[in-house]
Amino acid sequence: MKRLSWDQYFMAQSHLLATRSTCTRLVVGATIVRDKRIIAGGYNGSISGGTHCVDDGCYVKDGHCVRTIHAEMNAILQCAKFGEPTDHSEIYVTHYPCLQCCKAIIQAGIQTVYYANDYKNDAYAAELYQMAGVQVKKVPLEKGISLPGQVDNTSKQLDYISELLAKIEANGASGKEICDLQQQAERLFVPDN
Ligand SMILES: [Zn+2]
Ligand SMILES: [Zn+2]
């Protein structure tokens with residue numbers, strides 16, 4: 001098994017948090033890290049105890065859902081709530097933070113922003129990061145890291161192919177042909193780590 005790099009590990013954590021988002025318009029996760037330790041995490045969601053968009057639909061004003069607090073904000077606020085310093089920390093986010101989150105990130109003293117996916121990247125945000133000396137790095141989540149929600153169909157696919165091959169064999173294909181097809185299918189569906 002390949003050992004996960006720190007960047008991939010923290011980015012995977014953010015993707016895992018994103019699966020907890022309660023607004024389907026924005027499925028985002030954020031992890032704040034200091035000295036290679038996770039100090040807080042957040043996802044896009046309503047205030048604690050509030051109505052969830054996934055249950056009652058979004059509350060849209062001017063084209064935006066106003067019910068939720070962004071993942072980055074939630075992670076920073078978790079630090080505020082529990083008294084964890086964010087100065088000189090780093091944040092791993094599934095998507096490029098919006099302008100409001102960008103300002104909060106800078107003001108919280110976070111020094112590096114790692115993001116996996118471009119998302120309406122704001123030019124003014126980029127300018128602010130540069131002005132504040134905050135590093136911004138794109139770290140896409142590597143393929144092959146499977147998370148809950150990403151259903152692994154490999155065994156089902158192989159079962160289905162075996163079934164198909166058995167039928168083809170019954171219709172007169174040779175054992176050699178079937179064996180070759182089976183091997184091809186396994187090469188397609190089983191990742192070689
Ligand atoms: Zn919503
Ligand atoms: Zn935001």
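Q: In which helix does Cys-53 lie?
A: This is a predicted model. Cys-53 belongs to helix H2, which covers residues 53–56.

Q: Is Cys-53 buried or exposed?
A: Burial is read by counting C-beta atoms around a residue, and 20 or more within 10 Å qualify it as buried. Cys-53 is buried because 22 other C-beta atoms lie within 10 Å.

Q: Which residues is Cys-53 in contact with, leaving aside its neighbours within four places in sequence?
A: With those neighbours set aside, the contacts of Cys-53 are Thr-22, Cys-23, Thr-24, Cys-58, Cys-65, Arg-67 and Thr-68. Separation in sequence and in space may also be read together: Ser-21 is 32 residues from Cys-53 in sequence, and their C-alpha atoms are 9.4 Å apart.

Q: How do the axes of H4 and H5 cross?
A: Angles under 35 degrees count as roughly parallel. The axes of H4 (residues 99–107) and H5 come within 9 Å and cross at roughly 10 degrees. H4 is therefore roughly parallel to H5.

Q: Which residues in H4 and H5 meet?
A: From H4, Leu-99, Cys-102, Lys-103 and Ile-106 meet Tyr-124, Ala-125, Leu-128, Tyr-129 and Ala-132 of H5. By class, the residues of this contact comprise eight nonpolar, no polar and one charged.

Q: How many of the ten residues of H5 are buried?
A: The count is one, and H5 (residues 123–132) is hardly covered.

Terms used:
Residues are numbered from 1 along each chain as its sequence is written. Chains are lettered from A and ligands numbered from 1 in the order in which they are written. This is a predicted model: local features need pLDDT of at least 70, side-chain atom pairs count only at pLDDT 80 or more; totals for chains, interfaces and linings use all residues. Helices (H or I, at least four residues) and strands (E, at least two) are DSSP runs, numbered from the N terminus. A residue is buried if 20 or more other C-beta atoms lie within 10 Å of its own, exposed if 12 or fewer, and partly exposed in between; C-beta atoms are placed from the backbone. Two residues are in contact if their C-beta atoms, placed from the backbone, lie within 7 Å. Axes are lines fitted to C-alpha atoms, for helices over the stretch in contact, and angles run from 0 to 180 degrees between N-to-C directions. Angles under 35 degrees count as roughly parallel, over 145 as roughly antiparallel, 65 to 115 as roughly perpendicular and the rest as oblique. Ala, Val, Leu, Ile, Met, Phe, Trp, Tyr, Cys and Pro count as nonpolar, Asp, Glu, Lys and Arg as charged, and the others, Gly among them, as polar.
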